[in-house]
Amino acid sequence: GSGPMPLGRLSVVAIGRARAYVGTADSFAINVFDLNGRSLPSLRLSPVDVRTTPADIAEFVRSDTAGHSKGAIERSLKMFAELKWPATLPTYSALVVDSEDHLWVQRFPRAREAVAHWAVFTPNGKEIAKVDLPRDLVVAEIGKDYVLGVAKLPPDGVDHVRVYRLMRR
């Protein structure tokens, strides 16, 4: 097919005021460049176990088929039954630069976790915070005092806009 493999690694990019961040999600590192393309020291997430479990696969299938028609679900389930699933999950799934030029990195969500874990880095690469957000929230924007995103909520799988208050210290 023309799309990404289920549970496959996707490159992610975020651009701040002075830096560009590029991640391939196949390691715990994120490449950093200045806006002239010069390589800067990489950021590193702390390592965690990323081995794929049956629960991770089941959660992916649930999320991927939410809100689809019965026929579309049946086609997806047939394809998933024939698929060779990857041995490990991506290390992260999203990068977002906030209004303060901090990089937010979302660890790839694991099955049975109600939240998504994010690590927040300063522009010079220091990890300054860990933030938990709702698991199904796709973050669109992070302001000085809010997080804005869209979530597909069960049982209908319809997109719902969500805004959360953000308190910085």
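Mentor: Lys and Arg count as positive and Asp and Glu as negative, while His and the chain ends are not counted. A charge is placed at NZ of Lys, CZ of Arg, CG of Asp or CD of Glu. The model is predicted: local features need pLDDT of at least 70, side-chain atom pairs count only at pLDDT 80 or more, and totals for chains, interfaces and linings use all residues. Residues are numbered from 1 along each chain as its sequence is written, and side-chain values use heavy atoms, with hydrogens and water left out.

Trainee: How many Å apart do the centres of the positive and negative side chains lie?

Mentor: The chain carries 23 positive side chains and 19 negative ones. The distance between the centres of the two sets is 3 Å.

Trainee: In what order do the elements of the chain run from the N terminus?

Mentor: Helices (H or I, at least four residues) and strands (E, at least two) are DSSP runs, numbered from the N terminus. There are two helices and eleven strands in the chain. Their order is β-β-β-β-α-α-β-β-β-β-β-β-β.

Trainee: What share of the residues in the chain is buried?

Mentor: Buried means under 20% relative accessible area, exposed over 50%, and partly exposed in between, with a 1.4 Å probe and protein chains only. Of the 169 residues in the chain, the buried share is 39%.

Trainee: What is the relative accessible area of Ala25, and is this residue buried or exposed?

Mentor: Ala25 sits in the loop between β2 (19-23) and β3 (29-34). Its phi is positive, about 60°, although Ala25 is not a glycine. Ala25 has a relative accessible area of 0% and is buried.

Trainee: Which loop holds Asp101?

Mentor: Asp101 is a residue other than glycine with a positive phi, near 70°. Asp101 is buried, at a relative accessible area of 8%. Its loop is the one between β5 (92-97) and β6 (103-107).

Trainee: Which residue in β8 is the bridge partner of Val120?

Mentor: Two strands pair if DSSP finds at least two bridges between them. β7 (residues 115-121) and β8 (residues 127-134) pair in the antiparallel sense over seven bridges. In β8, the partner of Val120 is Ala129.
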